[in-house]
Structure formats: C-alpha cells, structure tokens
Amino acid sequence: MLLSSYRLGNLTLPNRLVMAPMTRSRAVDGKPIAETATYYAQRATAGLIVTEGVQPNAVGQAGPFMPGLHTDEQVEAWRVVTDAVHVNGGRIFAQLMHGGRIGHPDVAGHHPVGPSAISSGTEVFTPTGMAPAPVPRALETAEVAEQVAAFADAARRAVEAGFDGVELHGANGYLIQQFLSSSANQRTDGYGGSTTGRIRFAVEAVEAVADAIGPERVGIRLSPGGQIQGIVEENVPVLYGELLKALPDIAYIHVMVTADDEVLMGLRKAWPTAFILNPGGQIGPDESTREQGERWLANGADLISYGRAYLANPDLVERFRLGLPLAATPGRDTWFQTPNGYIDHPSYQH
Ligand SMILES: Cc1cc2nc3c(=O)[nH]c(=O)nc-3n(C[C@H](O)[C@H](O)[C@H](O)COP(=O)(O)O)c2cc1C
C-alpha cells in the first residue's frame with residue numbers, strides 16, 4: 001500500500017510516503033542555503049515533501065536560523081530549492097509556521113505575539129542557547145486579521161517560489177494551536193471562549209490561504225490533544241470535530257498521533273479529503289515505522305509521513321521497496337545548525 005500511487009489535489013504522488021516537516025536551522029538571513037536544495041533534492045522520491053517550518057512574517061519566527069517566505073530575496077532562494085526537487089522528479093509543499101508566543105526578541109528582533117499574554121512556561125531556542133519563553137504580547141482584535149493575512153501573503157510567495165502548495169502548521173503549540181488551546185487562549189473577543197471562537201483563527205487562516213492559492217494546494221497539520229509547549233485543550237473530539245466541519249475542502253489534513261486511536265479514527269471519518277497520518281507523534285521515543293504506516297493505511301489513512309527516518313535515509317522509498325535496512329536516527333547534535341549530518345547521509349550502499 002505505501003508504495004501505491006495517490007491523487008492529492010491536482011498532483012499524482014508516485015507513493016504514499018510524505019517527508020514530514022523538520023526544522024533544520026541552517027538558513028542564513030531567513031534564506032535557505034545551497035545545501036538545502038541538495039538536501040530536499042536527495043529526498044525527491046518521497047510522494048510529497050513538506051519542508052521545515054517557514055515563518056510567514058518576521059514576528060512569526062520561532063527559532064534561530066529558520067527560513068522565511070516574506071521577502072523577495074527569500075522567494076528567490078526558495079526557487080533554487082523547488083527547482084532542484086522538481087528536476088529530480090519530486091513534489092514539495094512549504095510548511096507555514098508562525099511561532100506565536102514561541103519565539104524570542106533575540107531571534108526575531110520583535111517581541112513575540114500570541115492570543116493572550118501568557119507564557120508557555122517552557123524554554124525556547126535563541127542564538128545563544130535555550131532561554132525561558134517570554135510572555136507574549138496579546139494581539140488586539142484588529143491585529144488578528146494581519147496575522148491571517150500574513151499566511152495568505154506567504155502562500156502567494158510560496159507559489160511564486162515554485163512550491164506545489166503549502167501546509168499551515170496548526171500543531172505542536174505554535175500560533176494556530178495556541179488559539180485552539182484553553183491554556184494559551186483566554187481571550188474574551190470572538191477569537192476565544194467557545195469552541196467556535198477558538199477555531200476561528202485556524203479557519204480564517206486556512207480560508208485566506210485557500211482563497212489566495214486555491215484549496216487544492218493547501219493542507220493543515222494538527223496535533224489534537226497534544227500537550228507540548230504548554231498547550232492544554234478541552235474536549236478534544238468536539239474541538240477538532242468542529243474545526244474539521246468549519247474548514248473548507250482543502251487538499252489534506254496532516255494529523256499527528258497525539259490522541260487515542262478512537263479520536264483519530266473519528267477525525268478520519270469526519271474529513272472528506274486526504275488524511276495524512278504521522279505515527280511518531282510529537283517526537284515520541286521511537287521513529288515512525290513501515291509497519292505502523294501500513295496499519296494506518298489499512299485503517300483509512302491515505303498517506304503516511306515520516307520524519308526522523310528521513311534524516312539518514314534520503315532513499316527511504318527505495319529502502320521500503322527493496323526491504324533494505326534503515327540507517328539509525330542520527331544523534332540530536334546534528335539535527336540543527338551543524339554543517340555535518342545534513343546532506344552527507346548516503347543512499348543505501350549496495
Ligand atoms: C529535527 C526535527 C525537527 C522538526 N521540526 C518540525 C517542524 O518544523 N514542523 C513540524 O510540524 N514538525 C516538526 N517535527 C516533528 C516531525 O514532523 C514528526 O512529527 C516527528 O518527528 C515524529 O515523527 P517521526 O517518528 O516519523 O520522526 C520535527 C522533528 C524533528 C526530529
């Protein structure tokens with residue numbers, strides 16, 4: 001099943017493997033470097049690549065050395081990446097990730113913003129190491145629309161840069177999930193309180209992006225009930241059930257295993273288009289496996305995303321096809337920033 005083709009929006013994917021978004025923190029001035037084109041091109045046999053998180057505006061930058069899609073220079077730099085992937089036969093979506101309260105003035109040069117002036121209570125990456133997450137400035141009601149518009153502007157730039165589409169990062173405790181959460185969002189205007197209020201930012205952002213570039217080029221990532229970065233959500237099946245009902249029919253939802261199977265299967269059944277499942281959840285103890293992928297496909301998922309397995313297995317599709325052993329997940333010391341451990345993982349040596 002994993003190796004069968006699938007029609008996603010207007011794209012034909014040669015297989016059902018998705019390279020999951022992974023921040024690698026190697027950008028310079030918000031621009032991907034030459035090695036980034038090589039890195040994604042090496043992985044172009046994936047049915048679909050979703051890039052590392054990319055900030056839609058400057059205030060949305062969550063960590064150091066992350067790339068953006070809000071200047072002409074960034075668009076030019078990304079075009080090199082998308083060309084390299086397409087020349088190698090692949091398809092690539094940009095993950096639009098607004099950090100919201102996860103950020104730091106030393107990272108973005110701006111004070112982070114969020115639904116409410118409540119810190120995540122965790123630590124964030126800065127250029128000089130980890131630091132306590134600051135208390136964000138709460139967005140005024142009138143300012144929320146600017147953040148929605150930033151997603152749409154970045155999506156337009158993504159298409160200009162040659163991306164096949166975009167995935168909004170609605171998971172892992174960043175801005176979109178902050179609005180969903182009862183711990184991060186204590187607003188009393190139309191963007192908080194009730195379920196309708198909490199889902200409103202996500203729905204407006206997705207609608208704006210779908211209007212900008214077409215719904216068939218849009219997906220959203222979700223971590224229902226996920227608790228990292230200070231997130232608490234109430235009534236997860238209702239919250240996400242209402243969210244899926246309110247979203248326009250975009251190309252896909254990309255769901256992480258952050259709730260039990262019954263909740264996830266309920267969301268699968270409620271969602272009309274493609275359902276991407278990421279078995280590994282929020283960097284759980286073990287990376288997603290082939291067996292988990294096949295099981296979820298048998299249970300109604302359409303596509304399976306692999307994160308850590310893609311770090312050291314650029315030819316993951318081929319390894320699955322031929323039943324070859326996988327290279328082990330590399331140490332965390334190479335996940336971010338270092339020159340090594342990025343484009344130096346070889347394909348299987350026969
Ligand atoms: C180095 C690294 C960076 C990550 N960065 C992102 C990111 O930018 N956006 C995102 O949605 N998830 C991110 N994730 C989570 C992965 O997409 C994936 O959900 C997680 O690793 C679990 O799946 P796996 O077991 O297949 O690795 C990251 C994971 C890793 C290991």
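How many of the residues of strand 4 are buried? I looked this up before anything else. Seven of its seven residues are buried, so I note the strand as mostly covered. I call a residue buried if 20 or more other C-beta atoms lie within 10 Å of its own, exposed at 12 or fewer, and partly exposed in between, with C-beta atoms placed from the backbone.

Ground rules. This is a predicted model: I take local features only at pLDDT of at least 70 and side-chain atom pairs only at pLDDT 80 or more, while totals for chains, interfaces and linings use all residues. I number residues from 1 along each chain as its sequence is written. Helices (H or I, at least four residues) and strands (E, at least two) are DSSP runs, numbered from the N terminus.

**Barrel**

I traced the sheet next. Eight strands close into a barrel in the order 3-4-5-10-11-12-13-14, with parallel pairing. Neighbouring strands of this sheet are turned by 25° against each other on average, direction ignored. The axes here are lines fitted to C-alpha atoms, and angles run from 0 to 180 degrees between N-to-C directions. I count two strands as paired if DSSP finds at least two bridges between them.

Back to strand 4. Two bridges join strand 3 (residues 17–19) to strand 4. There, Val-18 has Leu-48 as its bridge partner. On to strand 5 (residues 92–96): four bridges link strand 4 to it. Val-50 stands opposite Phe-93.

Then I checked strand 13 (residues 274–278). Its five residues are buried, five of five. Ala-274, Ile-276 and Asn-278 point one way, Phe-275 and Leu-277 the other. In a regular strand the side chains alternate between the two faces of the sheet. Five bridges tie strand 12 (residues 252–256) to strand 13, and Ile-253 stands opposite Phe-275. Two bridges join strand 13 to strand 14 (residues 303–306). Leu-277 has Ile-304 as its partner there.

**Core**

I looked up the largest nonpolar core and found 99 residues. Such a core is a set of buried Ala, Val, Leu, Ile, Met, Phe, Trp, Tyr and Cys residues joined through C-beta atoms within 7 Å. Val-18 and Phe-151 are among the residues with the most contacts inside it. Helix 6 (residues 195–213) gives the largest share of this core, nine residues.

What does Phe-151 touch, leaving aside neighbours within four places in sequence? I found Pro-56, Leu-96, Leu-168, Ala-205, Ala-208 and Val-209. Contact means C-beta atoms, placed from the backbone, within 7 Å.

**Ligand shell**

I listed 24 residues around the ligand; Gly-53, Gly-280, Ser-288, Gly-307 and Arg-308 come nearest. A residue is near if its C-beta atom, placed from the backbone, lies within 6 Å. Strand 4 (48–54) and helix 10 (308–312) each supply at least two residues of the shell. The shell divides into ten nonpolar, ten polar and four charged residues. Ala, Val, Leu, Ile, Met, Phe, Trp, Tyr, Cys and Pro count as nonpolar, Asp, Glu, Lys and Arg as charged, and the others, Gly among them, as polar.

**Loops**

Two non-glycine residues with positive phi went into the notebook. Phe-65 has a phi of about 65° and sits in the loop between strand 4 and helix 2 (72–87). Phe-65 has 19 other C-beta atoms within 10 Å, so I note it as partly exposed. Asn-172 has a phi of about 60° and lies in the loop between strand 10 (165–170) and helix 5 (175–180). Asn-172 counts as buried because it has 23 C-beta neighbours inside 10 Å.

Key: Two residues are in contact if their C-beta atoms, placed from the backbone, lie within 7 Å.
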